[in-house]
Amino acid sequence: MKRVFNFTIFSVLFLTLIVVSCENEEEALGTSVSKIITPDGKSSCPDSHPFEACGQCWTDANQAQSAGCNEDGNGGGGDNGGGGQNNDCPPSHPYAACDQCWADANQAQSGGCNEDGNGGGDGNGGGDGNGGGNNGGGTPCGDYNYNPNNTTCVIIVANGSGCMNSDGLFVSSKGVVSNPCNTKEAVLDIERNLGIDIENQFIEQSGYQGNVPSINPTMTKSDFIIYMKALFINININGKTGDQFATEFADLLDTNNDGILTRNEASMAKGADPRQVLNLEPIFGIDGGLATDDVLAYVGLYLGDGALDKYAGDLPQTVQDNMANFTRTWQPGVNAASKRYDSNK
């Protein structure tokens, strides 16, 4: 039960790239507001801030200049990158064609788009005062700008789990923006609090958005058992304890019995079960393949679409509560305001 990207071509696609080049730019534009997206898919300044400069909207030229923006007004634009193609694509999907953003030309063609595209992303579209703007704030996170208020969909994830915003970050179906930096910390929480070793390459790439990294992380079976036992504390079903479920699950994943688990090995073992749940059905239920993905995702033994930090939502409440004892996650609860993320952990 893989989660895959299926990009649907829409007749109207709202594309406005919102890029923050540095913290200094954010500070300079602090008194401005972001452009709005009109029903025809174009961006414009609201009536309250009609003066456009430095990719942002201001009440007038004086306000822009007082905030450090010396660009001539009403020159931002940025709706089209040139040649009819929209260049306002996020870094994760820079190839623009058929009014959609793709990872590359091959992905566009496999999605039924045979139109010549362009590289997009860097020119004429957003940032650097030529369009876009910074949507009112955000903080740097590696190659990304994390703005929890930027929940507007730019690329729809076809399986309904969410979408990608103009910063190239995943937005859950409950309107919560993925934070790649906190995702990495969530994985580090597991390593530190449980005293186990998670592969460094996976930790470095665990904040991935959209495209799944082509890596095959490894983990010792003994460390994986420690992690699974921590997830299954207080579970006892018909006399079978959580510790027993955890050990049995690890043995089923270790198909060559070498004491080492890999992403590819775990994927094949799980995939060999039509229900994709192996021995965990009593805990997760008959349709618990997605929950099985969830427990594997945080240690790199499963990687899926969108973003790693959207995982955990398919877990039973008891398992989610156990997870919250040793790691953070932003996975929303009953509504977008009740995020399961504790910055103090």
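Tutor: The model is predicted. Let us begin with strand pairing: two strands count as paired if DSSP finds at least two bridges between them.

Student: What makes strand 10 and strand 11 a pair?

Tutor: Three bridges join strand 10, residues 162-164, to strand 11. At least two are required, so the two strands count as paired. They run antiparallel.

Student: Why are strand 9 and strand 11 called edge strands?

Tutor: The open sheet has three strands in the order 9-10-11, with antiparallel pairing. Strand 9 (155-157) and strand 11 (170-172) each have a single partner strand, so one side of each is left without a neighbour in the sheet. On average, neighbouring strands of this sheet are turned by 25° against each other, direction ignored.

Student: How do you know that the length of helix 4 agrees with its number of residues?

Tutor: Helix 4 covers residues 180-194, which is 15 residues. At 1.5 Å a residue the helix should span 21 Å, and its end C-alpha atoms are 22 Å apart, which agrees.

Student: What lies at the start of helix 4, and what follows the helix?

Tutor: At the start, a side-chain oxygen of Asn179 reaches to within 3.0 Å of the backbone nitrogen of Cys181. Gly195, with a positive phi near 65°, follows helix 4.

Student: What covers the buried residues of helix 4?

Tutor: The buried residues include Ala186, Val187, Leu188 and Ile190. Among the elements covering the buried residues of helix 4 are strand 7 (139-141), helix 5 (200-205) and helix 6 (221-231).

Student: Why is the contact between Glu204 and Lys184 called a salt bridge?

Tutor: The N to O distance between the two side chains is 3.1 Å. The cut-off is 4 Å, so the pair qualifies as a salt bridge. Glu204 lies in helix 5 and Lys184 in helix 4, so the pair ties together parts that are 20 residues apart in sequence.

Notes: Residues numbered from 1 in each chain as written. Predicted model: local features only at pLDDT ≥ 70, side-chain atom pairs only at ≥ 80, totals over all residues. Heavy atoms only, no water. Helix = DSSP H or I, 4+ residues; strand = E, 2+ residues; numbered from the N terminus. Axes fitted to C-alpha atoms, helices over the stretch in contact; angles between N-to-C directions. Expected span 1.5 Å × (residues − 1). Buried < 20%, exposed > 50% of the residue type's maximum accessible area, 1.4 Å probe, protein only. Contact = heavy atoms within 4.5 Å. Polar contact = N/O pair within 3.5 Å; in protein donor to acceptor, adjacent residues only side chain to side chain.
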